Amino acid sequence: MEKIIDIIDSIAHEKGLPPESAKEAFKTALVQTARRVICEGCDYEAEIDERNKSYILRQKITVVEAGDPCLVDEPEKFISLEEAKEIDPDAEVGDELTGEPINLEEYGRNAASALYHEIEYHIQRFVEEQMFNKYKAMIGTIVNGPVTRVDSEQNTYIEIDEVRAVLPKRNRIKGESFRVGDTIKGILRYVGIDKKFGIHLEISRTMPKFLEELLRQEVPEIADGLVVIEKSARIPGERAKVALTAMSPRVDPVGATVGVRGVRINAVSEELHNENIDCIEYSPIPEIFVARSLSPAIISSVKIDGEKAIVTLPSDQKSKAIGKSGINIRLASMLTGYQIELNEIATTGTSSEGGVEEEKQVNPDALKALFGE
């Protein structure tokens with residue numbers, strides 16, 4: 001146990017722990033070892049002697065009245081007030097005194113072995129806690145790594161630094177498949193820790209946040225804060241809508257995000273298994289926002305009624321507003337938060353049978369009769 005602190009510092013350096021954390025782990029290990037080999041129900045306190053690079057371990061004893069039954073039932077944990085005053089004249093009932101320093105080496109190999117295992121256990125707990133805090137701070141950011149395994153249920157396991165993460169099948173874009181050795185990206189969705197399996201991460205490729213982070217990586221204006229992603233909605237692998245705002249009147253939020261000839265948005269789409277991405281300009285006015293969200297359909301008017309948006313549009317725009325299998329109107333509803341109801345009006349100049357209507361002529365004589373000569 002000579003110069004034990006040098007050994008603890010060496011362990012801290014090897015594990016990448018702050019020296020103080022390693023010393024706290026060592027003190028906890030000392031207390032637990034003492035409880036295991038000396039007295040299970042007793043309290044102990046450990047201190048580090050930095051000067052001598054050793055430890056000081058003492059038992060804590062509670063002061064009680066002379067006739068207290070605890071003195072008979074648990075004499076190793078309690079001391080009478082009279083005896084306590086011989087040690088400390090200012091002692092009072094309820095105080096805690098500390099005994100003489102305890103040397104664990106006097107308890108043989110069992111104590112040394114127990115201390116070794118306790119140090120190993122508590123150092124590992126500190127390492128896991130440090131890693132847990134590291135990855136917890138990364139929730140909502142993109143991580144990537146190579147695929148190490150794909151199980152029978154199509155859950156994909158990825159190695160991210162020193163931790164293995166899982167991409168469950170439910171978090172995978174429809175139509176995607178991965179093989180061992182592939183490098184994939186995902187958004188860190190969840191970080192957990194348990195005593196049996198340690199730290200486990202869960203990533204997702206279906207969250208709207210993944211789309212937003214990919215855009216942030218691909219579009220400098222978004223990364224720099226010149227363009228802000230207000231809202232986004234996705235039907236993974238099929239289509240997505242993103243509402244954007246420019247922080248400067250000189251920046252076109254949609255144009256900047258799409259890029260020259262669509263190079264930026266296409267790069268993001270490719271990562272998302274060729275998901276179609278619609279970029280629209282956000283508006284704080286609900287009616288305008290709903291109308292834009294239904295793009296490429298041309299909307300005549302929008303009326304907000306509570307949580308419902310009543311949209312009036314020409315009949316030839318209805319199919320565009322709904323989209324294939326209703327995907328456009330679903331995304332617009334997800335993006336805006338409104339339940340959208342479509343009301344179509346007959347297209348000007350066309351009949352209900354699809355033929356061209358003749359424009360009605362107004363009789364001038366009838367106008368004269370109405371307004372007078």
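This briefing walks through the helices and strands of one predicted protein model.

Because the model is predicted, local features here need a pLDDT of at least 70, side-chain atom pairs count only at pLDDT 80 or more, and totals for chains, interfaces and linings use all residues. Residues are numbered from 1 along each chain as its sequence is written, and side-chain values use heavy atoms, with hydrogens and water left out. Helices (H or I, at least four residues) and strands (E, at least two) are DSSP runs, numbered from the N terminus.

- The protein chain has a mean pLDDT (the predictor's confidence in each residue, from 0 to 100) of 86, and 92% of its residues reach 70 or more.
- Contact means heavy atoms within 4.5 Å.

- A quick word on angles: axes are lines fitted to C-alpha atoms, for helices over the stretch in contact, and angles run from 0 to 180 degrees between N-to-C directions.
- Helix 1 (residues 4–15) and helix 2 (residues 19–37) have axes that come within 9 Å and cross at roughly 125 degrees. That makes helix 1 oblique to helix 2; angles under 35 degrees count as roughly parallel, over 145 as roughly antiparallel, 65 to 115 as roughly perpendicular and the rest as oblique.
- On the helix 1 side the contact uses Ile4, Ile5, Ile8, Asp9 and Ala12, while helix 2 brings Pro19, Ala22, Lys23 and Phe26. Sorted by class, that contact of helix 1 with helix 2 has seven nonpolar, no polar and two charged residues. (Ala, Val, Leu, Ile, Met, Phe, Trp, Tyr, Cys and Pro count as nonpolar, Asp, Glu, Lys and Arg as charged, and the others, Gly among them, as polar.)
- Helix 2 also packs with helix 5, at an angle of about 140 degrees and with their axes 8 Å apart, so helix 2 and helix 5 are oblique to each other.
- Residues in that contact include Phe26, Leu30 and Arg36 of helix 2 and Leu115, His122 and Phe126 of helix 5. By class, the contact of helix 2 with helix 5 has 12 nonpolar, six polar and three charged residues.
- Further along, helix 6 (residues 208–218) and helix 9 (residues 263–271) pack at about 140 degrees, with axes 10 Å apart. Helix 6 and helix 9 are therefore oblique too.
- Helix 6 puts Phe210, Leu211, Leu214, Leu215 and Glu218 into this contact, and helix 9 answers with Arg264, Ile265, Ala267, Val268 and Glu271. The class count for helix 6 with helix 9 is seven nonpolar, no polar and three charged residues.

**The barrel**

- Strands of a sheet pair through backbone hydrogen bonds, either parallel or antiparallel. Here, two strands pair if DSSP finds at least two bridges between them.
- Five strands make a closed barrel that runs 5-6-7-9-8, with mixed pairing. From one strand to the next, the twist averages 50 degrees.
- Strand 8 (residues 183–194) and strand 9 (residues 198–204) are antiparallel, paired over seven bridges, with Tyr190 opposite Glu202 of strand 9.
- Helix 5 (residues 108–136) packs on this sheet, touching strand 6 (156–160), strand 7 (163–167), strand 8 and strand 9, and its direction makes about 130 degrees with that of strand 8.
- A hairpin of three residues links strand 8 to strand 9.
- Strand 5 (residues 142–150) runs antiparallel to strand 8, joined by five bridges; Gly145 has Ile184 of strand 8 as its bridge partner.

- Three strands form an open sheet in the order 13-14-15, with mixed pairing. Strand 13 (301–305) and strand 15 (339–345) stand at the edges with a single partner strand each, so one side of each has no neighbour in the sheet.
- Strand 14 (residues 308–314) and strand 15 run parallel and share seven bridges, and Ala309 has Ile340 in strand 15 as its bridge partner.
- Helix 10 (residues 286–293) packs on the sheet and touches strand 13, strand 14 and strand 15; its direction makes about 125 degrees with that of strand 13.

- Strand 1 (residues 43–49) and strand 2 (residues 54–64) run antiparallel, joined by seven bridges, and Asp43 stands opposite Lys60 of strand 2.
- This hairpin has four residues between the strands, and Lys53 takes a positive phi near 55 degrees.
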